[in-house]
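Please read each point with the coordinates open.

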Amino acid sequence: MTDNQQQYDVFADVYEILFDDSLYLSWFTYATDTIQAFGKYLDDQDFWLDLGAGGGQFAILMAQAGYAIKGLDLSEKMVNAAIKNAKEAKLDLTFWQDDMTSFELENQATVISCFCDTFNYLQNAEAVKTTFTHIYQQLQDGGLFMFDVHSVYQMNEIYPESSFVVEWDDAVFTWTSDQFRGKNTIDHTINVFVQNEADQYYQRFEEMHYEQTLAIEEYQNILTQVGFKNIRVTSDFTQEAPSTNSKRIFFSAEK
């Protein structure tokens with residue numbers, strides 16, 4: 001198991017409980033609006049690939065809307081959750097454990113998406129370019145790539161020194177965010193305290209999540225350097241241009 005994979009596995013156990021489910025519908029609305037804006041249609045042999053698919057909620061919404069979609073995630077636990085959620089929704093969807101920076105497809109995808117600030121976990125601009133280059137190679141000519149990232153405003157003004165706590169009968173979850181590494185970065189410290197049934201003591205599990213972002217222009221330049229065209233930039237789940245206080249930036253581009 002890689003260090004990155006270990007980083008997500010403890011959090012995977014409580015991820016679905018804590019996450020705001022309404023956001024999946026927001027990503028669904030953004031994605032369907034964007035694919036329509038580009039005039040893209042998936043034929044019978046085409047498919048959509050969702051990177052960092054998590055528990056599969058976004059893919060399930062897309063499948064219910066008639067899109068042929070598959071998903072991959074770095075965490076095996078999240079993949080298992082996605083498979084379970086799809087079965088409960090009575091859908092036969094494919095999810096597998098893989099790395100978004102190095103996955104290989106037998107056939108190129110028509111659409112590739114990556115939401116929930118997954119690219120903010122890439123270490124630097126070079127890693128972003130390497131990943132975008134790989135995604136470009138796995139995408140059909142004329143295919144559509146869409147993703148979101150945290151804005152520099154979110155990283156520098158909203159996240160630093162923020163925290164929240166969630167308590168259950170037998171567990172406590174804490175999340176704190178600090179800017180230890182300078183501008184455009186954030187370090188999330190996640191603790192889960194789980195009560196041991198035998199002795200009633202709490203066992204502590206801790207993870208660190210390291211995120212960083214780039215300016216909008218840097219992402220645009222990398223997309224252009226890789227070969228993407230018709231780049232559109234919007235914000236906060238809308239089709240509107242970003243402002244100085246936009247929290248989440250959305251990009252879409254064609255190969």
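1. Annotated region. For "domain: Methyltransferase", an unreviewed entry, UniProt lists residues 49-143; UniProt positions are given in the numbering used here, feature names are shortened, and annotations may be inferred rather than shown by experiment. Over residues 49-143 the chain is 36% helix and 24% strand, and the end C-alpha atoms lie 11 Å apart. Helices (H or I, at least four residues) and strands (E, at least two) are DSSP runs, numbered from the N terminus.

2. Basis of the values. This is a predicted model, in which local features need pLDDT of at least 70 and side-chain atom pairs count only at pLDDT 80 or more, while totals for chains, interfaces and linings use all residues. Residues are numbered from 1 along each chain as its sequence is written, and side-chain values use heavy atoms, with hydrogens and water left out.

3. Domains. The domain assignment gives domain 1 (2-151 + 214-254) and domain 2 (154-212), with bounds that come from an automatic or database domain assignment. The C-alpha centres of domain 1 and domain 2 are 24 Å apart.

4. Nonpolar cores. A nonpolar core is a set of buried Ala, Val, Leu, Ile, Met, Phe, Trp, Tyr and Cys residues joined through side-chain atoms within 4.5 Å. The largest one has 29 residues, of which Leu49, Leu51, Ile112, Phe119, Phe132, Phe145 and Phe147 touch the most other members. Two or more residues of this core are given by each of strand 1 (48-51), strand 4 (109-114), helix 5, strand 5 (139-150), helix 7 (216-226) and strand 11 (248-254). Apart from it lies another core, of 26 residues, among them Phe28, Ile69, Phe115 and Leu144.

5. Phenylalanine 132. This residue is found in helix 5 and is buried, with a relative accessible area of 0%; buried means under 20% relative accessible area, exposed over 50%, and partly exposed in between (1.4 Å probe, protein chains only). Leaving aside neighbours within four places in sequence, phenylalanine 132 is in contact (heavy atoms within 4.5 Å) with Phe119, Phe145, Phe147, Tyr219, Ile222, Leu223, Val226 and Phe228.

6. Histidine 134. Helix 5 (residues 125-137) also holds histidine 134, which is buried at a relative accessible area of 9%. Its side chain reaches the backbone oxygen of phenylalanine 103 at 2.3 Å.

7. Cysteines. How many disulfides does the rule give? With a disulfide taken as a pair of cysteine sulfur atoms within 2.5 Å, the count comes to zero. The sulfur of cysteine 114 has its closest cysteine sulfur in cysteine 116, at 9.1 Å, and is therefore too far for a bond. Cysteine 114 counts as buried, at 0% relative accessibility.

8. Positive phi angles. Most residues other than glycine have a negative phi. Lysine 90, which is not a glycine, has a positive phi near 60 degrees. Lysine 90 sits in the loop between helix 4 (76-88) and strand 3 (94-97) and is exposed, with a relative accessible area of 76%. Phenylalanine 237 likewise has a positive phi, of about 70 degrees, although it is not a glycine. Phenylalanine 237 is in the loop between strand 10 (229-235) and strand 11, and at 22% relative accessibility it counts as partly exposed.

Technical notes: A polar contact is a pair of N or O atoms within 3.5 Å; within protein, one must be able to donate a hydrogen and the other to accept it, and residues adjacent in sequence count only if both atoms are side-chain atoms.
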